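Trainee: Can you walk me through this model before I start on it? I'd like to go chain by chain.

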Amino acid sequence: MTSQWQQVARQDWSQAVEQRSVKVLLALPVVIILLSAYLYPVISQSPITTGRFGSFVRGLLRVVIPIVGVLLGYNAIVGDFESGSLLLMLSLPQRRRTIVFARYIARAGLLIIPTVIAVVAGAGLVVYPLGSFEPLSVVMLISIIAGFSATWVSVGVAASTLVATTRRALGLGFATVILFAIVWDTIENVLRGVLLSTDIISGRLPEPIQFVFALSPGNAFSTLITGFVDTTQEVTGAWYLSEWIAAIVLLAWVVGPLAIGVFRFERRDLQ
Amino acid sequence: MSEWGWRIDTTGWQSVARTDARRARRTPTILVLLSITIITSIGYSIAYTYVGPSELTFMGFLDGITTLLSFIIPAIGLLLGYKSVAHARNTGSILLALSFPQSRAGLIIGTVVSRWALLVGAISAGLTLSGAIAAILYGTNGIVAYPLAILMTLLYSAAFIGIGVGISTLTTSERWITLSTFGSYFLLVIIWDGLTTAILLILHRFNFNILASPPDWTLLFQLLSPESSYNLLLRSSVGIDVAGEYVANTAPTYIGWWIAVGVLIIWTSLPVIFGFYRFQTADL
């Protein structure tokens, strides 16, 4: 039983790796991480540490990883559904959820492995010759970026299982990206501006409302980096705004979309 | 196949080497290459009278000829090796050769041995003759170390035979062979030191002050080119005034002649081994 998902995952992996578009897509986060690591010691103020590098690279990764993750994931199921090969595949002794999980693992791995390698190489660039090495921060940065990547591939694959055409899957995936990676923070800022101008609040939003906005994957990612990677910064506020809750939020974002996708896909009429 | 799955069958390398060397004696290109080696060596021993400094010594001659050879031998070695296997593959004669009790590994090892033996012959002959001429013209002070210098030159030449034959086994495309042959000469002989500086500058974000006091690893990296290793070997064995930065007091203790020997052995064997693993399963 266990070997079935491995076969599906391996086949999906090897098919994806050969595509030029996938290579270009994966080069994007790698180049961004390496370039940031190269420029960070020159641009940033001291102290130059691998921990503070996490905060430096965070802003770009918050935008790039969602896009790349969704683009990697959205085609996972629905492409085969459109071409009809999904039905052929399901005529083999494989469960539907096996296929979804296997493809998810293949594509998440496809994004996570180059990114992790880039972070390790980037840490080297930060440390040599100007920075100082904080091993724990590098390990945490790797796991947090891996978790964030897994989240957005999960969103992409989920979108892929929910709809009938690749175009709709892409639309659904990107709608999620735009909502949570772009519009979300704008809403927060607008709300804060309105409340500030009407003198209902002074300074920051009330903490329960902050918590609502902290539920997006991007904000969870930022909180995690502030809490676990960057040693010069601290997460402030109520307990539910802490980095540990953010870890649970990010985990929920990995599991949640995929669970919804699998649940719906198991019951769908594919004819 | 024996019980050791990775044991490599080297049947017939002696006969391959013998045939290859015999055939090479009748190949004009190879004869020209070998003559260039001999003529340059002998020619320099005479020309040193005119191009050398005012005070002509045997050590000065040795310094000059090893510098000259450090540029010529790479070219000769690469040109001797670069078509060896690929030519036989393109003409199809390799299939005939392999129909005899000769394995693929035997074919490559035999080729490397024969080409290197040819170059060994040319270098030994050339350097012995030119050494003799130089001893007569410029005195015998320092001639005791001369055999060592010849030995180091032979080791140096092996590296480029290895690279040449390695390139030849990797691909049959004429364009790639030519490109990688010129590329390896350019990279290993001409721009290696510049490359080290470039990498150093890039890593240090173009802070040019670092060039005044480069870190220790740059020395090690520089030593990875066959030419630097050859120079270091000449310095430690013969005492020619080259490669001073490796023997200076400031040089790290882990840099020494043993690394230079290791580098030359790696450059000899690694391209051949890498080429062999491609060649072993290649469709001929």
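Mentor: What follows is a short tour by question and answer. The model is predicted, so to start with the ground rules: local features need pLDDT of at least 70, side-chain atom pairs count only at pLDDT 80 or more, and totals for chains, interfaces and linings use all residues. Residues are numbered from 1 along each chain as its sequence is written, while chains are lettered from A and ligands numbered from 1 in the order in which they are written.

Trainee: OK. How many helices and strands in chain A?

Mentor: Chain A has 11 helices and 0 strands. Helices (H or I, at least four residues) and strands (E, at least two) are DSSP runs, numbered from the N terminus.

Trainee: What is the radius of gyration of chain A, and what does the globule rule give?

Mentor: Chain A comes out at 20 Å, close to the 18 Å from the rule for 271 residues, so chain A is as compact as a globular protein of that length. The radius is taken over C-alpha atoms, and the rule is 2.2 Å times the number of residues to the power 0.38. The C-alpha trace spans about 60 × 50 × 30 Å along its principal axes.

Trainee: What share of chain A is buried?

Mentor: 40% of the 271 residues. Buried means 20 or more other C-beta atoms within 10 Å of the residue's own, exposed means 12 or fewer, and partly exposed is in between, with C-beta atoms placed from the backbone.

Trainee: And which residues have the most contacts inside the largest nonpolar core?

Mentor: Tyr104(A), Leu111(A), Ile144(A), Val153(A), Val157(A), Leu224(A) and Leu250(A), in a core of 70 residues. Helix α6 of chain A, residues 96-127, gives the largest share of this core, with 15 residues. A nonpolar core here is a set of buried Ala, Val, Leu, Ile, Met, Phe, Trp, Tyr and Cys residues joined through C-beta atoms within 7 Å. Apart from that core lies another of 63 residues, which includes Trp13(B), Ile73(B), Val112(B) and Leu232(B).

Trainee: What does Leu111(A) touch?

Mentor: Leaving out residues up to four places away in sequence, Leu111(A) touches Leu26(A), Val68(A), Gly69(A), Leu72(A), Ser149(A) and Val153(A). Contact means that the two C-beta atoms, placed from the backbone, lie within 7 Å.

Trainee: Next, Thr50(A). Buried or exposed?

Mentor: Thr50(A) is buried, because 28 other C-beta atoms lie within 10 Å. Thr50(A) lies in helix α3 of chain A, residues 50-73. Beyond its neighbours within four places in sequence, its contacts include Ala123(A), Val126(A), Phe133(A) and Val138(A).

Trainee: Which peptide bond is cis?

Mentor: The one from Tyr128(A) to Pro129(A), with omega near -5°. Pro129(A) lies in the loop between α6 and α7 (135-162) of chain A.

Trainee: Now chain B. How many helices and strands there?

Mentor: Chain B has 13 helices and 0 strands.

Trainee: How do α2 and α3 of chain B pack?

Mentor: Helix α2(B) (residues 28-51) and helix α3(B) (residues 58-81) pack at about 170°, with axes 10 Å apart. They are therefore roughly antiparallel. Axes are lines fitted to C-alpha atoms, for helices over the stretch in contact, and angles run from 0 to 180 degrees between N-to-C directions. Under 35 degrees counts as roughly parallel, over 145 as roughly antiparallel, 65 to 115 as roughly perpendicular and the rest as oblique.

Trainee: Which residues meet there?

Mentor: Among them are Ile30(B), Leu33(B) and Tyr48(B) from α2(B), and Phe61(B), Leu68(B) and Ile76(B) from α3(B). The contact divides into 12 nonpolar, 5 polar and no charged residues. Ala, Val, Leu, Ile, Met, Phe, Trp, Tyr, Cys and Pro count as nonpolar, Asp, Glu, Lys and Arg as charged, and the others, Gly among them, as polar.

Trainee: Last one: what is the phi of Arg205(B)?

Mentor: Positive, about 55°, although Arg205(B) is not a glycine. Arg205(B) is partly exposed, with 14 other C-beta atoms within 10 Å. Phe206(B) also has a positive phi of about 55°, and with 9 C-beta neighbours inside 10 Å Phe206(B) counts as exposed. Phe206(B) is in the loop between α9 and α10 of chain B.
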